[in-house]
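Reader: Hey, I'm new to this one. Can you show it to me and walk me through a few spots?

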Amino acid sequence: MDLVPYLAALSALAGLALAGYFYLAVTKESPGNERMVELMNAIQEGSRAFLRREYTWVTGFVVIMAVLIFVLLDYGRPWGAISYITGAVLSGIAGFIGMTIATKANARTAHAAIEGANKALPLAFRGGAVMGFTVAGLALFGLSMAYLVFVEWLKVDQPFQVVTAFGLGASSIALFSRVGGGIYTKAADVGADLVGKVEAGIPEDDPRNPATIADNVGDNVGDVAGMGADLFESYGGAIIAPLALAAFLGLGPTPEIPVLGANEFFVFPLAVAAVGMVASILGAFFVRAGESLESKDLSKALHRGTNVAMALTVVAVVALSYVFFDGLALVENWWGLAVSVIGGLLVGFGIGKVAEIWTSDEYRTVKNIAKQTETGPATTVLSGISSGMMSVGASVVLVVIGIAVAHWGGEQLADGAGIYGIAVAAIGMLATLGVVVSVDAYGPIADNAGGIAEMAHLDPSVREVTDSLDALGNTTAAIAKGFAVGSAALTALALFKAFEASLLAEGTLLSLDVGQVPVFIGLFLGAMVPFVFAALTIDAVGRAANKMIEEVRRQFREIPGLREGDPSAVPEYAKCVDISTTAALREMLIPGGLAVVVPLVIGFISVDALGGFLAGALVVGFSLAIFMANAGGAWDNAKKYIEGGAHGGKGSDAHKAAVVGDTVGDPFKDTSGPAMNILIKVMTIVALIFAPAFV
């Protein structure tokens, strides 16, 4: 068992090596003609400039949090602060690397699309795979080393509190990256769509539209860098939760509460992550496409890698459970945790399938929304809202089943291990993160490729290929968000239990009796925060989009010949990029700070109120995240379904109504919704880390 952290670190390095291999494979492909290279470089420069400014701003927040950890917490001097900073730095690096390859893969994918989908899809996937395996590799390597350094080598005081600080560092970057990147990308996207498609009647990504470069930059800073930091945090949190829980519940060899007295409970999460990494590496080589542009055929090609990785993980987890727990003292059924992990994996797949059913144009929901566009924007918006709400029902049922199965599996292993079973189920959901993120990050690359194909005036057949890849990308993004928010629910529950146990270790019993006024007040405040957070982020997109719309209108009005397509009329792309950048950086601070400040304030007033607050935020935040992600994805693909020729096709009244629905859904699915799962985990992990200070 002592070798497990080392093996986990080695598997992480193997994932990083695969990322390096795919990076070389992508960059050796041709980026196309001079115009395509020029566009690629413009998108890359804009993305890097934004990320540099964003990280500069976030560094100030990280420094403040590190100082708070150092000053307020005994274990924070210095190890907790160091662990926190390490998590933040690795998360930032993962986002930067992913964004770099995405901005190199876009033009190359557009050029490959000239030869067809069978060349373009694997190339876009490999670009996404650099992101996927960088995120998973850096997260697993960082956590393995944190375990070895703080628990095994230095044997610091309160080592698992110190390791948990690593997760808060990752969460800090994830929250601001998701919110800032989401505001950026949707301000540009909404502005480009409303003025370009609806008012000017020009195609998406038309080079005459001044917001197109900002829109393409936004795909990278929001949907690649932001998403990467998000899933880095999700993966890290899923591994940290059972580690912290095992420590606080005394499932390991702690002299204070020797329940089972086995190191297996500490290293089992790392072992599951390690086999998931190896399975993801093998699965990544199964992604191949044929000549068909049909969504279902492309979907099969893309999901083949995920399915292979999942199957291999299931077999490996059963073997791990036998090796770890068969014959261990007080263990009743060695297969108990295998049931928990596999249950989590299947529930994650199920939530992803729900997202696919509600957001893919292969199914009824998107077709119904497209049909509603014939009667205008109002019915389009209503049908999207109702479908998103309905998807919450299916997802909640799946999560409840997953929690019940995982708890049962833990109890089958040993009495009192049920909550630990729930914690490791979250790892099951994200065990194949490398290939899941690869499939997700593929989407923005395909979207950018379509933009470059349009702006470089490539043959319409190229845009047909990239559009088919992009439509699939919306569904794969919704699936990955399903995995992320599903794991967030289980991880937050496990961290909440660890918070309760850490208070007990400090001599304070947490009350969750809703008949107690502090708990009841906390529940209401917790239910309120996700709505306020969503309102702040959606309003931020609205304000930034308003400025973008005015700027695009101004350029169409003041630059002679721009709207008409005069070759001598050049749009001022840089002004639109600057509007999105400035707005995103300014607007991300209040929502981001809310997630940290509110639980700290409540915790110093009443820990019982904080317990109620976390419970309310978890339930409401999870439901809102699912609703927004699926409603937004459905609106987007209904628009693309119409652009494919249904209900009058591009330029029709139905298409204009669909564009309105899509612009409503943009901040839902790419700003507020994805940030919600980070919000509920950040608040829970802040409570856990600062629990000793509260009492």
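Predicted model: local features only at pLDDT ≥ 70, side-chain atom pairs only at ≥ 80, totals over all residues.

Reader: Switching topic: what's the span of helix α5?
Author: Helix α5 runs over residues 159-200, and its end C-alpha atoms are 60 Å apart. That agrees with the 62 Å its 42 residues should span at 1.5 Å a residue; the expected span is 1.5 Å times one less than the number of residues. Helices (H or I, at least four residues) and strands (E, at least two) are DSSP runs, numbered from the N terminus.

Reader: Why call α5 largely enclosed?
Author: Because 39 of the 42 residues of α5 are buried, the rest of the structure largely encloses this helix.

Reader: Take Q161 in α5. What does Q161 touch?
Author: Not counting residues up to four places away in sequence, Q161 touches Y75, F248, S502, L688, I689 and P692. Q161 is buried, since its relative accessible area is 3%.

Reader: What about D666, buried or exposed?
Author: D666 is buried, with a relative accessible area of 0%. This residue sits in helix α19. Apart from neighbours within four places in sequence, D666 contacts K186, D189, V190, D193 and T671.

Reader: How many cavities are there of 30 Å³ or more?
Author: A search of the whole structure turns up four. On a 1 Å grid over the protein atoms alone, a cavity is a set of points where a 1.4 Å probe fits but cannot get out, and lining residues have an atom within 4 Å of a point. Grid points are joined across faces, edges and corners, and a volume is the space filled by probe spheres set on the points.

Reader: What lines the second largest cavity?
Author: That cavity has a volume of about 120 Å³ and is lined by 21 residues, with K481, G482, A484, V485 and A629 nearest its centre. The largest share of this lining, six residues, comes from α14. Helices α6 (212-248), α9 (336-359), α14 (460-505), α18 (607-643) and α19 (653-689) each give at least two residues to the lining.

Reader: How does that lining divide?
Author: There are twelve nonpolar, five polar and four charged residues in the lining of the second largest cavity. Ala, Val, Leu, Ile, Met, Phe, Trp, Tyr, Cys and Pro count as nonpolar, Asp, Glu, Lys and Arg as charged, and the others, Gly among them, as polar.

Reader: Now the loops. Which peptide bond is cis?
Author: The bond from R77 to P78 is cis, with omega near -10°. P78 lies in the loop between α2 (34-72) and α3 (79-112).

Reader: And what's up with phi at K155?
Author: K155 has a positive phi, near 50°, and is a residue other than glycine. Most residues other than glycine have a negative phi, and most peptide bonds are trans. K155 is in the loop between α4 (117-153) and α5, and counts as exposed at 59% relative accessibility. Q158 is in the loop between α4 and α5 too, with a positive phi of about 50° although not a glycine. Q158 is partly exposed, at a relative accessible area of 34%.

Reader: Last one: where is T306, and what does T306 contact?
Author: T306 lies in helix α8 (residues 295-325) and is buried at 7% relative accessibility. Setting aside neighbours within four places in sequence, T306 contacts V435, V436 and V439.

Note on methods:
Residues numbered from 1 in each chain as written. Heavy atoms only, no water. Buried < 20%, exposed > 50% of the residue type's maximum accessible area, 1.4 Å probe, protein only. Contact = heavy atoms within 4.5 Å. 1 Å grid on protein atoms, 1.4 Å probe; cavity = no way out; pocket = protein on both sides within 12 Å on 5 of 7 lines; lining within 4 Å.
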